[in-house]
Amino acid sequence: MTPGPATAGGPDAGASLFGASRRVAVLLPVPVEAPYDYAVPPELEPLDPGALVRVPLGKRIELGVVWGEGAADVPETKLRPVLERLDAPAMTESLRHLVEWCAAYTLAPMGQVLRMALSVPEALDPPKPRTGYSARVSGLEGTSLRATDARRKVLEAAARWPSSEPPPSAADLARRAGVGPAVVKGLAEGGALAAVPVVEEPDIPPPDPRRPGPTLSPDQAAAADTLRAAARSGFSVSLLEGVTGSGKTEVYFEAMAETLAQGRQVLVLLPEIALTARWPERFRQRFGAPPAPWHSDLPRAQRRDIWRAVAFGRVSVVVGARSALFLPFPDLGLIIVDEEHDGAFKQDDGVPYNARDMAVVRGRAGGLAVVLASATPSLETVLNARSGRYTHVPLPRRHGGAEVPTPELLDLRAHPPEKWQRQGVPAQSFLAPPLLKAMEETLSRREQSLLFLNRRGYAPLTLCRVCGHRLQCPNCSTWLVEHRHRRVLQCHHCDYRTPLPQKCPSCEAPDALAPCGPGVERLAEEVAARFPKARMVVAASDTLLGPTAAAELMERIEQGAVDIVIGTQVMAKGHHFPLLTLVGVVDADLGLAGGDLRAAERTFQLLHQVAGRAGRAQRPGRVLLQTTDPAHPVMQALAANDPERFLSVEAETRNALMMPPFGRLVALIVSGLDERAVIEAGKALARHAPYAEDVEVLGPAPAPLAVLRRQHRHRLLLKAARSVRVQPLVRDWLAAVRLPPGVRVRVDVDPYGFM
Ligand SMILES: Nc1ncnc2c1ncn2[C@@H]1O[C@H](COP(=O)(O)OP(=O)(O)OP(=O)(O)O)[C@@H](O)[C@H]1O
Ligand SMILES: [Zn+2]
């Protein structure tokens with residue numbers, strides 16, 4: 001080691017104060033590719049990897065994580081010192097590994113991934129102390145305070161306050177003494193009570209893993225045994241594949257109990273936390289205490305408390321959306337990914353990662369068990385289970401002997417919906433006579449129907465009857481969706497809103513604009529007219545305001561206070577409504593349009609899930625799928641109730657095309673305000689496209705959503721064999737192209753959304 005410069009002058013020479021100090025690499029939660037070096041002042045030693053520190057960055061002070069030893073390539077004189085080490089648990093090696101892995105895989109800057117793991121920086125500061133009041137031995141003696149009855153009561157209460165508890169607040173002490181808090185404060189000011197700062201963390205009741213669960217059926221017990229054994233024995237991935245209503249949740253609760261009994265933490269990932277709002281309640285009933293929730297709608301203060309409680313090991317179960325994967329669990333023992341096939345685990349903005357896949361990465365890094373649960377597992381996961389990489393844990397039967405209903409295809413060409421009367425005027429119908437009849441029968445049996453239509457609002461398109469003009473979003477290449485309740489036309493991509501115009505904006509014809517196609521609101525109009533006595537609700541993400549309202553509605557449905565539910569995908573999964581016996585899918589073909597790689601898979605999964613809501617208890621269920629293409633393989637597979645067969649056909653097709661999971665895809669979205677510059681950049685990328693065996697580059701072509709928020713978008717797609725490591729190829733590719741100002745390229749490895 002060479003000795004450092006002896007002079008201590010100069011603004012950059014802080015490091016020389018410490019001589020040839022040790023260097024550490026510190027990763028900062030800003031879009032940087034790699035950690036920066038800093039000098040370690042001796043008083044901060046030992047500073048091990050994972051330690052949370054504050055360091056200077058330009059003129060700012062940034063939070064950072066010690067990532068390892070520094071490299072020697074920054075001259076000593078340029079090195080700036082670590083300023084402070086935070087009094088918080090170090091970031092675990094497995095979480096650091098996850099950050100590195102996620103950055104390397106998605107090609108996102110490592111610092112940007114770290115930012116997800118430090119999403120609530122204020123959680124690192126200790127909570128603000130409150131004032132507590134404790135007795136002094138001297139009491140009123142030596143003070144100028146007069147002994148009153150009230151004061152004596154307070155002093156007595158303070159003296160009797162148990163020493164095992166933190167000193168009480170003025171309000172608590174006053175309440176105990178039966179006086180007002182001003183008396184307490186007066187005593188403290190006069191010197192008869194000591195005012196002391198008290199730091200308190202919120203109290204979190206622990207779940208009790210010893211509480212008995214339900215008696216499991218032999219199938220369930222066997223599955224639970226396998227998962228319990230997995231939870232005891234290091235890294236593994238299990239696919240818990242159970243038909244809808246088979247008790248997957250009850251079974252993985254057993255694995256959770258096992259991990260909790262070992263004193264370790266559990267993370268449960270759900271696709272959309274708000275939509276499965278009943279989950280926390282089920283957990284509470286099973287384990288006697290609520291889980292800690294984690295999702296983007298939580299108030300900041302609550303996120304802060306939970307982040308901190310997780311880091312300090314005071315929380316043992318978190319149920320959260322995908323971002324919960326980056327929470328700082330010090331002793332994570334089990335990860336459950338429920339509805340593992342769900343596309344919501346893939347993040348589309350920011351770092352484009354798939355939380356299901358990253359859960360496996362975290363599991364491997366931390367040596368812990370991962371359970372993927374689904375009734376319709378993704379093709380990726382099924383292949384991993386078939387190849388033996390994942391343990392397959394099947395639950396082939398519904399709990400309590402209920403039958404999984406076999407959907408019936410209702411051909412809309414053979415059974416066209418008949419018009420109904422809206423205020424004496426014939427109105428378009430979206431419900432075929434056989435479905436209406438089934439609804440009537442269900443009503444007369446006092447059972448519930450669910451009409452499933454995955455479209456919010458009144459109508460997905462509004463057009464002019466005179467000139468054919470369609471109302472389009474000014475910022476995006478999409479149609480505006482009418483929301484009649486809120487009296488607006490809305491873009492579901494950029495949230496642009498405008499009132500419905502009186503005249504056609506193109507030909508100025510008055511009163512000529514007409515809705516085209518149904519959304520849930522329009523369907524509700526028809527149902528209300530046809531079944532005026534039925535109690536009906538519409539459940540869509542924009543009609544359920546928040547998780548609490550959603551949970552309340554689900555509870556009302558569960559208790560039979562509703563006859564007909566009209567719902568979007570928020571109604572598709574997770575719910576268990578004993579009285580629900582009819583499911584009508586209004587437009588089963590809806591998800592199949594467009595050239596999306598996973599359109600068929602997603603449609604199958606979604607409709608199979610929805611169908612699975614029917615007949616889950618004593619009464620048998622019936623499912624009707626309205627379609628214009630009953631011969632379509634997805635409709636045939638649904639009607640055969642055979643996910644296995646569907647996946648086999650789907651696997652063959654994708655294999656033949658070398659599409660994921662048999663091949664790899666990376667999407668490059670080129671975007672910018674200036675269309676010409678975007679096109680030029682796309683062409684430049686195409687000219688520099690990697691040339692390698694088993695690699696093919698398609699495009700550039702306008703993305704399906706060619707304009708989004710005024711940004712023009714063109715897309716290139718790199719397709720490669722599975723054996724190809726695509727990340728270095730893409731890295732070199734991007735490095736070779738200079739983009740014009742104002743043009744961005746977004747890289748999406750394993751794209752899900754193809755818009
Ligand atoms: N062994 C059991 N004893 C009592 N009740 C059970 C048992 N197993 C399952 N149940 C009940 O059956 C219903 C369905 O179970 P659960 O929700 O766990 O199934 P699931 O497979 O997760 O369903 P889905 O995938 O369709 O949402 C729940 O109300 C659950 O409490
Ligand atoms: Zn828009």
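Is Cys473 buried or exposed, and how many other C-beta atoms lie within 10 Å? Cys473 is buried, because 24 other C-beta atoms lie within 10 Å, where buried stands for 20 or more such atoms around a residue's own C-beta, exposed for 12 or fewer and partly exposed for the range in between, with C-beta atoms placed from the backbone.

The model is a predicted one, in which local features need pLDDT of at least 70 and side-chain atom pairs count only at pLDDT 80 or more, whereas totals for chains, interfaces and linings use all residues. Residues are numbered from 1 along each chain as its sequence is written, while chains are lettered from A and ligands numbered from 1 in the order in which they are written.

Of the 755 residues in the protein, 45% are buried, and its C-alpha atoms fill a box of roughly 95 × 75 × 65 Å along the principal axes.

The UniProt annotation "binding site", from an unreviewed entry, covers Cys473, Cys476, Cys491 and Cys494; such annotations may be inferred rather than shown by experiment, and their positions follow the numbering used here. Although these residues are spread over 22 residues of sequence, they cluster in space, with a largest C-alpha distance of 8.6 Å.

The table gives the surroundings of two of them.

| Residue | Other C-beta atoms within 10 Å |
|---|---|
| Cys473 | 24 C-beta atoms |
| Cys476 | 21 C-beta atoms |

Contacts (C-beta atoms, placed from the backbone, within 7 Å) of Cys473, leaving out residues up to four places away in sequence, are with Thr478, Leu480, Cys491, Cys494 and Tyr496. With the neighbours within four places likewise set aside, Cys476 is in contact with residues including Cys491, Cys494, Leu705 and Arg709.

Conventions: Contact = placed C-beta atoms within 7 Å.
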